[in-house]
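Please take a look at the chain shown here. A short report on selected residues goes with it.

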Amino acid sequence: MSWQSYVDDQLLATKAVTKAAIAGHDGTIWANSEGFSVKQDEIKTILANFGDSEKLAQNGLTIAGSRYIFLSSTEHVIRAKKGASGLHVMKTVQAVIICQYEEPVRPEQCATVTEKLGEYLITVGY
């Protein structure tokens, strides 16, 4: 399965994710949805601050040129919000999955879909 298939078939097709991207830990975009212009430096910044919730709380997250307010994080997940939309970011062994949702999708729906794919990628070494 191609990386674009993961974005299209495992994330967007669920309707729980509005836009999505999968990238490597070096910030290189492996696949993304149409119109979701995630930049390599944005991904690098998120990955550099992944374990630093204090810094994330101060600066928020910027994805595709939009700034989101940091909500919470774990070892593998970051949650952020901007108005009626939000982000669910999951770091795997070699990749980072960035999913955006917009109302009427609830944050929990996006989280479930994002983490299901992330957990699968971890089990296969990605």
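The report below goes through charged residues, backbone exceptions and surface features.

This is a predicted model, in which local features need pLDDT of at least 70, side-chain atom pairs count only at pLDDT 80 or more, and totals for chains, interfaces and linings use all residues. Residues are numbered from 1 along each chain as its sequence is written, and side-chain values use heavy atoms, with hydrogens and water left out.

## Glu42, a buried charge

Glu42 sits in helix H2, residues 40-48. Helices (H or I, at least four residues) and strands (E, at least two) are DSSP runs, numbered from the N terminus. Glu42 is buried yet has no salt bridge. Buried means under 20% relative accessible area, exposed means over 50%, and partly exposed lies in between (1.4 Å probe, protein chains only). A salt bridge needs a side-chain nitrogen of Lys or Arg within 4 Å of a carboxyl oxygen of Asp or Glu.

Which side chain of opposite charge is nearest to Glu42? That is Lys39, 4.4 Å away. For charge, Lys and Arg count as positive and Asp and Glu as negative, while His and the chain ends are not counted. The side chain of Glu42 does reach the backbone nitrogen of Lys39, at 2.9 Å. Leaving aside neighbours within four places in sequence, Glu42 is in contact (heavy atoms within 4.5 Å) with Ser37, Thr62, Ile63, Ala64 and Gly65.

His88 belongs to strand E6, which spans residues 85-91. At 2% relative accessibility, His88 counts as buried. Glu115 lies in helix H4, which covers residues 107-123. Its relative accessible area is 22%, so Glu115 is partly exposed.

The side chains of His88 and Glu115 make a polar contact at 2.9 Å. A polar contact is a pair of N or O atoms within 3.5 Å; within protein, one must be able to donate a hydrogen and the other to accept it, and residues adjacent in sequence count only if both atoms are side-chain atoms. Beyond four places in sequence, His88 touches several residues, among them Val77, Ile97, Cys110 and Thr114. Glu115, on the same terms, is in contact with Val77, Arg79, His88 and Met90.

Tyr68, Ala80, Lys81, Cys99, Gln100 and Tyr101 touch Gly86, not counting residues up to four places away in sequence.

## One salt bridge

How many salt bridges does the structure hold? It holds one. The side chains of Glu108 and Arg106 form it, at 3.5 Å from N to O. Glu108 is partly exposed because its relative accessibility is 45%.

## Backbone exceptions

Most residues other than glycine have a negative phi, and most peptide bonds are trans. Lys15 has a positive phi of about 70° although it is not a glycine. Lys15 is in the loop between helix H1 (3-11) and strand E1 (19-24). Ala64 also has a positive phi, near 55°. Ala64 is in the loop between strand E3 (61-63) and strand E4 (66-73).

A cis peptide bond joins Glu103 and Pro104, with omega about 15°. Pro104 is in the loop between strand E7 (95-102) and H4.

## Surface

Tyr120, Val124 and Tyr126 make a nonpolar surface patch of about 270 Å². Patches are made of residues with over 30% relative accessible area and no salt bridge; like charges are joined within 9 Å, and nonpolar side chains (Val, Leu, Ile, Met, Phe, Trp, Tyr) within 5 Å. Accessible areas come from the Shrake-Rupley method with a 1.4 Å probe; for residues, only the protein chains shown count as cover. Tyr120 is found in helix H4.

The table lists relative accessible areas for some residues.

| Residue | Relative accessible area | Class |
|---|---|---|
| Lys15 | 67% | exposed |
| Asp9 | 46% | partly exposed |
| Tyr120 | 40% | partly exposed |
| Ala64 | 28% | partly exposed |

Asp9 is in helix H1. The C-alpha atoms of Asp9 and Glu75, 66 residues apart along the chain, are separated by 26 Å.
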